[in-house]
Amino acid sequence: MRTPPANGPAVRLVGHSAECGSLDRLVEDVRAGESRALVLHGEAGSGKTALLEYTAERASGCCVARVSGVQSEMELAFAGLHQLCAPMLDHLEGLPPPQRDVLRSAFGMRTGPPPDLSLVGLAVLALLSDVAAERPLLCLVDDQQWLDDASVQALSLAGRRLGAESIGMVFATRDLGDHLAGLPDLAIGGLRAEDARALLESVMSGPLDARIRDQIIAETRGNPLALLELSRWLTGERLAGGFGLPGAAPLPGGAEPIFRERIGTLPEASRRLLLLAAADPTGDAALVWRAAGRLDIAAGAAVPVTEAELAEFGTRVRFRHPLVRTVAYRSAAPGERQAVHRALAEATDPLRGPERRAWHRAQAAPGPDEEVAGELERSAGRARARGGLAAAAAFLERAAALTPDPPRRARRALAAALAKFQVGAFDAAHNLVAVAEAGPLDELQHARADLLRARLAFMASRGDDAPPLLMKAAERLGPVDAALSRATYLEALNAAMFAGRLARPGGDAPHVARAALALPRPASPSASDLLLDGFATYFTEGFAAGLPILRRALDAFDAAMSADEELRCLWLGCVAALQVWDDDRWDALSGRYVRLAREAGALSELPRALSMRAQLLLSTGDLAAAASLVDEVQAHAEATAGNLTPYGAVGLAARRGHKARTRALVEAATRESAVRGEGIGIAAAELAAAILDNGLGHYSEAMASARRAAAHPRDLGIANWAAVELIEAAVRSGDGAAAADAYHRLAGTTGASGTAWALGVEARSGALLTDGADAERRYAEAITCLGRTRMRSELARAHLLYGEWLRRRRRRVEAREQLRTAGNMLEAMGLDAFAERARRELLATGETARKRTVPATGELTAQEAQIARLARDGLSNPEIASRLFISARTVQYHLGRVFTKLGITSRTQLDRALR
């Protein structure tokens, strides 16, 4: 804790030398061009604020930006972020347009759709980086636990993605919490006994009895603020060896009761002025004095407050410590708090601060008040228009509580629940749905409440809880909103497909499909309608019956659709293309999916889009491009604590033949998917294990994994691929019956589909089950068909299987041609295990096969290789930064290292260097 000497300002910290050393190193690193984040956490009064002050004083040559959380402002979205960034807003024009616009929306400078919190965090990082380009920047965040949630999420994301920007971020908070977990942290505890004694002696005006001193240290547990405040409390006879203390009454054990006692000794007018200042989070002295005038508080009331060292009233109101504000507010009676909020509401300009005025009026209301509730509801609309969904949710929640009319209260509670859901406050959304359901609600509102409960379940786990709940909501919506009912059935079917083998009775895909087919069909069906009918028909009548409807659904994506509608449908559109073996549609739709998610700033949807696109690229053999997307998904997960199964990562590791990494990812995905009830995640892990072992030539292990994955045909797409892997593994393991059974099931879809991809895979798989001229004919057919598709990895594997078949028939010259082709293709793609298999086979023909060389990217770190690939593909530094949740300066820093390591001087040379 900072200790003021008797004759001057604070000059030193006692008992925090280690913490000061850590902060000194942080500042030195920032001055040297690096970036650092650190979280100081400990109980109130442990010295966190003093350490921030110390850091600010040590930061010569740096620009220092500060923000302090205020409990009464926690529900105002982006209030804390605006406080930190307000001095930097002249740098907004230098940001890329999406980032500039999202910050303007967040700060109320423009209206627009609610901003994605991840995009806000990325924009904040870009803004801080732009400021730091001129001068190293130090951001000090005090009392993080009282910051609004939107600001915390944005700042913590920025802190996690710091790189080479010359930025330091130091957070001070009581508990780490979910948002700051994972950042470097430093626990701030109580002082050691000798340091606590030194602190007391430095501030006492007279001798202190040793027994009293030791009692103070023990009861305060070395808390610096408590020690300092007790030194002010111990006056007169209290210093006289403790004889003036009545009985054996214990000394107060912390700063809060001391502040409460000191506030209690103030004159009434001074105490009310302090409460008034505590109720206003802005520190606007002019506003406080206007409100004070309405309470007949004279200017002289500030003098005792200042003399008691509780707060200062200058151009701004500043509290001695954030705990003083908290104690001043909490220690007041409810009626007193209502009075000061009423005065603040009356003193607030309704044109310049309508939201704060509404909030103060709400806090002043002693009971239900429709006028105040209506003003809160209007404020929620304004907050939503500027992207403040968290504030809108808070206004609606308070509006519901103040609404006297039960039906209107239920409606507002339901609206508040939806807003809480949209900002990810799922527990609060659950509670508000319960309030709404206490009703009364009409049938449509009941159905919407059911739908929200179901969506909460799906967002929480994407597991087996959601399908039955979505079914219930869809059934209830049927009589009152047919279009929304159909859309909800599609959500239910999607959820059932995610649950897969783990779906609960009544929530599996066939059950949902039968209910959906009983709905009336619209005269002019949209892509969404056709997807519902197509998948429902598939699950009830089989592949051949659903095929034409799913193809019509894919064609419907060519019609005019809004971006929102496309984003809702594109995941299932890609699944449909995959299931009907349409590689062209899968390529087009997955590319559009990623593009729309980026353009809309829908970062909550982006990981699924990237994962779907990565799966397409893995099948086409573009593992380098797939790796970039996988890295981007990982960056998103690290920045947002996402929990999507790593579909792309496990598939990439398997195709590269990375045994240890694949096994680890498979194990983790299987375990986590089982906990969530996400059966499709288990299927994807099993398929990856089968691909890995087929590449390595471990056919019995591949057969076991593929058999498990293929045993669940409702796992769309994955079951088909698993059947292909099972056929190859079973043939190589000598289990012809298992191979024949899998082929029969595969041919039921490939034959009906008739695409070049489907027919090529069918021919390749069939060739494994036959011999002689028939096998040769089928291998040739497979190579011809797959050669007309984008599926280059499947084509390369067809050449490999054909070459292996020819070698076993001692047709070595022909075998070499096929194996050389396969090896070159597989090596170029990066399918290392399969490429090594081709090399071994080629050696067995008597030809000397060259040993594969390590690519130049082996010299690069994972992030350097990732950035180099994106730069090679033509992305600018800001575009790369946006995809990887880092700053453009960090991208430039890493590119400089890439050029040095690869011995090149420009981006145009990256393609050759990375090949």
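Me: Which residues point one way from β6 and which the other way, and are they buried or exposed?

Reply: Start with the terms. Helices (H or I, at least four residues) and strands (E, at least two) are DSSP runs, numbered from the N terminus. Buried means under 20% relative accessible area, exposed over 50%, partly exposed in between (1.4 Å probe, protein chains only). Now the case. Ile167, Met169, Phe171 and Thr173 point one way from β6. Gly168, Val170 and Ala172 point the other way. All are buried. With seven of seven residues buried, β6 is largely enclosed by the rest of the structure.

Me: What kind of model is this, and how are residues numbered?

Reply: This is a predicted model: local features need pLDDT of at least 70, side-chain atom pairs count only at pLDDT 80 or more, and totals for chains, interfaces and linings use all residues. Residues are numbered from 1 along each chain as its sequence is written, and side-chain values use heavy atoms, with hydrogens and water left out.

Me: In what order do the strands form the sheet?

Reply: Two strands pair if DSSP finds at least two bridges between them. Here five strands form an open sheet, in the order β4-β5-β6-β3-β7, with parallel pairing. β4 (63-68) and β7 (185-187) are the edge strands, each pairing on one side only.

Me: How many bridges join β6 to β5, and how many pair it with β3?

Reply: Five bridges join β5 to β6. Leu138 stands opposite Gly168 in β6. β3 and β6 pair over six bridges. There, Leu40 stands opposite Ala172.

Me: Which strands does helix α2 lie across?

Reply: Contact means heavy atoms within 4.5 Å. Axes are lines fitted to C-alpha atoms, for helices over the stretch in contact, and angles run from 0 to 180 degrees between N-to-C directions. Helix α2 (residues 48-58) lies across β3, β4, β5 and β6. It runs at about 165 degrees to β5. Helix α6 (residues 149-160) lies across β3, β5 and β6, at about 135 degrees to β6.

Me: How many cavities of 30 Å³ or more does a search find?

Reply: On a 1 Å grid over the protein atoms alone, a cavity is a set of points where a 1.4 Å probe fits but cannot get out; lining residues have an atom within 4 Å of a point. Grid points are joined across faces, edges and corners, and a volume is the space filled by probe spheres set on the points. The search finds three such cavities.

Definitions and conventions:
On a 1 Å grid over the protein atoms alone, a cavity is a set of points where a 1.4 Å probe fits but cannot get out, and a pocket is an open set with protein on both sides within 12 Å along at least five of seven lines; lining residues have an atom within 4 Å of a point.
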